[in-house]
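Me: I would like to learn how to read a protein model. Can we go through it feature by feature?

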Amino acid sequence: MMEAKDGLRTVVGLMSGTSMDGIDAALLRTDGRDRVEALSFLTIPYDDGFRARLRGCLGRTDSGETVAEVERDLTDVHADAVRRLLDKAGVAAAAVDLIGFHGHTIHHDPDRRITRQIGDGARLAAATGIAVVNDFRSADVAAGGQGAPLVPLFHRALAHGLPRPLAVLNIGGVANVSWIGPESADGEADVVACDTGPGNALIDDWVLRHGLGRYDAGGALAASGRVDDAALAQLMAHPYFGRPAPKSLDRDAFDPAPVAALSPEDGAATLTAFTALSVARVVPHLPAAPVRWLVCGGGRHNATLMAMLADRLGVPVESADLVGWDGDALEAQAFGYLAVRSRLGLPLSLPATTGVPAPMPGGVFHPKP
Ligand SMILES: Nc1ncnc2c1ncn2[C@@H]1O[C@H](COP(=O)(O)OP(=O)(O)OP(=O)(O)O)[C@@H](O)[C@H]1O
Ligand SMILES: CC(=O)N[C@H]1[C@@H]2OC[C@@H](O2)[C@@H](O)[C@@H]1O[C@H](C)C(=O)O
């Protein structure tokens, strides 16, 4: 890997998240430690046909023909995303040191030591002419960790100078929090993390099922409904919320049956309250209550959800964009950052972020052809 005099590498980070909305691609320069310079970002949405094929792979652990075909096509769409990102940024592939390729999670059951992200690293390296790191979660899960969330060390790298304890909340399909403690003299800080519960996935599925679009834009549908307290209590009875951090979730861990009989409006309101309340329920599992919550991921565009979070948490809950981060790009950037850490042999996860027994390096390297 090329290393500039300033120790920074030019990297692409690629994320295909649990919302299945598309590929997020970010270009950045980073040393994999505490320096990060964002350069460019774009999202390539999946078309409905591809999204349906991806959905058809969820929960499958076999390597059947269909999964292999979807993996190949998924990889090729990622190669296209890299080309478009570099075109947009006016950067040549030869100037890029590395790609961090998350792939798409089709199965996540860390308690049975299973996690699987599809995405062919060697094929992506061949298609782009750039070295690739993929398979970020397997080593952590094989060692007994949760394999997720992996963004916390990146959140910590960005958080210098912000008030502590700070919570960074990512609301994608699933929601996850990074708790970042006070900064010590050497600039280090404790970090504790876990998935909090559902993010947007249940709301998206609900809206889609009622023919009202792919997501609840701005939270307007939820805002026009009423939270059904009995249904909310049933949803919150899931044993996940009593478990201490670290802990992680598969996309489809929660059964939305308690809202099934509600109107579209009330169902949306109740599922939105479910996401907000499950975030609040994590606070007792953290070392101390955060003084501020910065929210990234698509869920921060849902004004009803943001208002419910502020109400439940009782401290400022703000979009991460407010401190100069790009809340849509953060996850993709994180996998570029983690790819550099992987090449440097630095940990991607810690006992307090995934429950892994010791700080854990990871990722699989595919050299450029
Ligand atoms: N304007 C909006 N109003 C309401 N919700 C929105 C809006 N824009 C995006 N979202 C929500 O954000 C989701 C996409 O979020 P994001 O891209 O952060 O998820 P992801 O990266 O796929 O998931 P994960 O973090 O779980 O991997 C959409 O599916 C939708 O639910
Ligand atoms: C297994 C898996 O892919 N988990 C995702 C998912 O989406 C959000 C949440 O659940 C988080 O744990 C993780 O992604 C982020 C990027 C992470 O690893 O930090």
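Me: Is strand 1 (residues 9-16) enclosed or open to the outside, and why?
Reply: Start with the terms. A residue is buried if 20 or more other C-beta atoms lie within 10 Å of its own, exposed if 12 or fewer, and partly exposed in between, with C-beta atoms placed from the backbone. Helices (H or I, at least four residues) and strands (E, at least two) are DSSP runs, numbered from the N terminus. Now the case. Eight of the eight residues of strand 1 are buried, so strand 1 is largely enclosed by the rest of the structure.
This is a predicted model: local features need pLDDT of at least 70, side-chain atom pairs count only at pLDDT 80 or more, and totals for chains, interfaces and linings use all residues. Residues are numbered from 1 along each chain as its sequence is written, while chains are lettered from A and ligands numbered from 1 in the order in which they are written.

Me: Which residues of strand 1 lie on each side?
Reply: In a regular strand the side chains alternate between the two faces of the sheet. Here, one side of strand 1 holds Arg-9, Val-11, Gly-13 and Met-15. The other holds Thr-10, Val-12, Leu-14 and Ser-16. Both faces are covered.

Me: Which strand pairs with strand 1 in the antiparallel sense?
Reply: Strands of a sheet pair through backbone hydrogen bonds, either parallel or antiparallel. Two strands pair if DSSP finds at least two bridges between them. Strand 2 (residues 22-30) pairs with strand 1 in the antiparallel sense, over eight bridges. In strand 2, Thr-30 is the bridge partner of Arg-9. The two strands form a hairpin with five residues between them. Met-20 in the turn has a positive phi of about 60°.
Strand 4 (residues 98-109) also pairs with strand 1, in the parallel sense, over five bridges. There, Ile-99 is the bridge partner of Val-12.

Me: What is the strand order in the open sheet of five strands?
Reply: The order is 9-8-7-10-11, with mixed pairing. Strand 9 (189-198) and strand 11 (317-319) are the edge strands, each pairing on one side only. From one strand to the next, the twist averages 25°. Angles run from 0 to 180 degrees between N-to-C directions, and axes are lines fitted to C-alpha atoms, for helices over the stretch in contact.
Strand 7 (residues 166-171) and strand 10 (residues 292-296) run parallel, joined by five bridges. One pair of bridge partners is Val-168 with Leu-294 in strand 10.

Me: How do helix 1 and helix 2 pack?
Reply: Two packed helices are described by the angle between their axes and the distance between the axes. Helix 1 (residues 48-57) meets helix 2 (residues 65-89) at about 135°, with axes 10 Å apart. The two are therefore oblique to each other. Angles under 35 degrees count as roughly parallel, over 145 as roughly antiparallel, 65 to 115 as roughly perpendicular and the rest as oblique.

Me: Where is Thr-115, and is Thr-115 buried or exposed?
Reply: Thr-115 sits in strand 5 (residues 114-118). Thr-115 has 24 other C-beta atoms within 10 Å, so this residue is buried.

Me: Which residues of helix 10 are buried?
Reply: In helix 10 (residues 303-313), they are Thr-304, Leu-305, Met-306, Met-308 and Leu-309. After helix 10 comes Gly-314, with a positive phi near 70°.
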